[in-house]
Every structure is written in C-alpha cells, then in structure tokens.
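Here is a short briefing on one chain. Look over the sequence and the model first, then take the points by topic.

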Amino acid sequence: MAAPLLEINDLRLEVRTVDGWAHLLQEVNLQLARGEVLGLVGETGCGKSVTALTIMRLFPMPPGRVSGGQVHFNGVDLLKLSEPEMRQIRGRRIAMVFQDPMTFLNPVFTIGDQLVTALLAHSAPPGSARERRRWAQARAVELLREVNIPAPRERLCQYPHQF
C-alpha cells in the first residue's frame, strides 16, 4: 500500500491567552491517500478552519504554537520546514480554499494583479522578469477561462467587487 499523501499524527495547537495556554487542537489524527477527498464537518468553532490553517502553517505564531504532533505531506513533515521551504510547497503542492470569499481577494487590487502575483510566487517558469510576468498574465486569462468567467482578459482589469 502506498504511503499517505497527507498524514497527521497527534497534532496539538495552543494559543496564549491572558489566563495561560488554551488548547485549540488536541490529538488530531488523519490520513489522506493520493486521489482521496476529505471533508471536515462540524459545528462552528470546533476547529475545522484552525486545523486547515495549522496544516498550511498559516495560523499566526505567536500567539499560537504547535505543541505536538506531525503533519507529513508527501513524506515531509511540514512543521519542520523553514518558512522559505514552506512557501515552495504552499500554493504549488498544497493549498486551501478559504471559507469567506469576501476576504479572499483584496478589494484595492485588480483581479489580474492578485492572480499574477500568486502565479509568480508559486508556479512561474524560469526566465526574465518580463517573460515570467507575460507567462503569468496569459496563465491568469487561461484560469479565468477554465472556470467559465466571461471575457477573461477584460476581467483581469476589474476589482473583486465588480465580479
């Protein structure tokens, strides 16, 4: 049997409060095989988003701290990676869809600015800055077309509230 794509063992997260450390996650364990889909379901405040943010290393530290466990992705413990190493994986190999779409896109930047910035950070091929930017702009148009956004080239110049 193949090793799991994602394996979480005894993950624990705490956050500092005025009264000391509060346990946000305790003993989170799961395995996800390549090609499987996993849905986290539960009541508001039960830790679904905190779990995902911790896996992605997006939970603010401090005030939080991982007090135990491992998060293995493709055999690599994400909790042991440096931030630059994590940035090489985040967005390119592992990603998350945030639950509040109104806060996902920054209202002061165009859709194109935001897509191009993400593409340049996570998936642009080698080349000059001009070549990379040109590639990212073309790829952004392709991505909008793939999700059936009409007039994708023109939409890159629009702001999130115009969608």
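Buried means under 20% relative accessible area, exposed means over 50%, and partly exposed lies in between (1.4 Å probe, protein chains only). At 6% relative accessibility, Thr51 therefore counts as buried. This is a predicted model: local features need pLDDT of at least 70, side-chain atom pairs count only at pLDDT 80 or more, and totals for chains, interfaces and linings use all residues. Residues are numbered from 1 along each chain as its sequence is written, and side-chain values use heavy atoms, with hydrogens and water left out.

**Overall layout**

- The chain has 6 helices and 4 strands. Both are DSSP runs numbered from the N terminus: helices are H or I with at least four residues, strands are E with at least two.
- Starting at the N terminus, the order of elements is β-β-α-β-β-α-α-α-α-α.
- The C-alpha trace spans about 50 × 40 × 30 Å along its principal axes.
- Of the 163 residues, 26% count as buried.
- Contact means heavy atoms within 4.5 Å. Take the contacts between residues at least 6 apart in sequence: 54% of them join residues at least 24 apart.

**Surface and charge**

- The accessible surface comes to about 11,000 Å², and carbon and sulfur atoms hold 55% of it. Areas come from the Shrake-Rupley method with a 1.4 Å probe; for residues, only the protein chains shown count as cover.
- There are 19 positive and 16 negative side chains. Lys and Arg count as positive, Asp and Glu as negative; His and the chain ends are not counted.
- The centres of the two sets lie 8 Å apart. Each charge is placed at NZ of Lys, CZ of Arg, CG of Asp or CD of Glu.

- Thr51 lies in helix H1, residues 48–55.
- Leaving aside residues up to four places away in sequence, Thr51 touches Leu25, Val28 and Leu40.
- Helix H4 covers residues 111–122, which makes 12 residues. From first C-alpha to last, H4 reaches 17 Å, close to the 16 Å expected at 1.5 Å a residue. The expected span is 1.5 Å times one less than the number of residues.
- The buried residues of H4 are Ile111, Gly112, Gln114, Val116 and Leu119.

**Salt bridges**

- Side chains of opposite charge can pair when their charged atoms come close.
- A salt bridge here is a side-chain nitrogen of Lys or Arg within 4 Å of a carboxyl oxygen of Asp or Glu. The count by this rule is 8.
- Asp10 pairs with Arg12 at 3.1 Å, N to O. Asp10 is partly exposed at 31% relative accessible area, and Arg12 is partly exposed at 27%.
- Arg12 also meets Glu27 in a salt bridge, at 3.4 Å, N to O. That pair links distant parts of the chain: Arg12 is in strand E1 (residues 6–17) and Glu27 in strand E2 (residues 20–32), 15 residues apart.
- Glu142 pairs with Arg139 at 3.0 Å, N to O. Both lie in helix H5 (residues 129–146), 3 residues apart, about one turn of the helix. Glu142 is partly exposed at 38%, and Arg139 is partly exposed at 24%.
- Salt bridges that share partners join Arg57, Glu83, Arg87 and Arg90 into one network.
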